[in-house]
Amino acid sequence: MARNPEYDHHPVYEDEIPIAFLNKYPVLDDCTLGVPKAHRELVTGDFTAEEYLQLQQIIYRVAEPVRLGTGAERVYILSLGSQQGNKHVHWHIAPPPPGVPFEDQQLAALDIDQGILDLTGEEMADLARRISGRIA
């Protein structure tokens, strides 16, 4: 997977199969993306069952430290994307903070129209280091 040189990725985990990095447009603290390095477009169709389960183990390894670090009541793990844009399959790991009213949970919590967090590059790098440090 080629990285976009115009975007300073803030990785929290990487091995030969996936990379997980902070979402460029975070709507919640610690929003992270899990992405297979090999180009895949279909959430299930481009993987064998074994490959899919191996990737989901990595998503878990990232999501659980994110949950614990934020104190989130739940962590949303979604694969969003479209063949019309953002074809490369990826999983969003999004931890809403405790106490979010029900009407602001689930997909509403990820609505970019509600605004994104205004984090500097240094704040993103520091956050990535903290999350990375929690991943066993």
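E14 and K37 form a salt bridge in this predicted model. Their closest N and O atoms are 2.9 Å apart. E14 belongs to strand 1, while K37 sits in the loop between strand 3 and helix 1, so the pair ties together parts that are 23 residues apart in sequence. E14 is partly exposed, with a relative accessible area of 41%. K37 is also partly exposed, at 23%.

Side chains of opposite charge can pair when their charged atoms come close. The count of salt bridges here comes to seven. Another one joins R67 to E64, at 2.5 Å from N to O. Both of these residues lie in helix 1. They are three residues apart, about one turn of the helix. R67 has 28% relative accessibility and counts as partly exposed. E64, at 23%, counts as partly exposed too.

Now move to E122. This residue forms a salt bridge with R129, and the closest N and O atoms are 3.1 Å apart. E122 and R129 are both exposed. The pair is part of a network: salt bridges with shared partners join E122, D126, R129 and R130.

The largest nonpolar core has 20 residues. V12, Y13, L22, V62, I93 and I131 have the most contacts inside it. Which elements give two or more residues to this core? They are strand 1 (11-14), strand 2 (18-22), helix 1 (49-70), strand 5 (91-94) and helix 2 (121-134). Helix 1 supplies the largest share, six residues.

Setting aside neighbours within four places in sequence, I93 is in contact with D30, C31, T32, I59, V62, A63, V66, V75 and Y76. One of these, V62, is itself among the residues with the most contacts inside the largest core.

Finally, turn to the surface. Y25, I112 and I116 form a nonpolar patch there. Together they have about 280 Å² of accessible area. Y25 is placed in the loop between strand 2 and strand 3 (32-36). Is Y25 buried or partly exposed? At 41% relative accessibility, Y25 counts as partly exposed.

Terms used: Residues are numbered from 1 along each chain as its sequence is written. This is a predicted model: local features need pLDDT of at least 70, side-chain atom pairs count only at pLDDT 80 or more; totals for chains, interfaces and linings use all residues. Side-chain values use heavy atoms; hydrogens and water are left out. A nonpolar core is a set of buried Ala, Val, Leu, Ile, Met, Phe, Trp, Tyr and Cys residues joined through side-chain atoms within 4.5 Å. Buried means under 20% relative accessible area, exposed over 50%, partly exposed in between (1.4 Å probe, protein chains only). Helices (H or I, at least four residues) and strands (E, at least two) are DSSP runs, numbered from the N terminus. Contact means heavy atoms within 4.5 Å. Patches are made of residues with over 30% relative accessible area and no salt bridge: like charges are joined within 9 Å, nonpolar side chains (Val, Leu, Ile, Met, Phe, Trp, Tyr) within 5 Å. Accessible areas come from the Shrake-Rupley method with a 1.4 Å probe; for residues, only the protein chains shown count as cover. A salt bridge is a side-chain nitrogen of Lys or Arg within 4 Å of a carboxyl oxygen of Asp or Glu.
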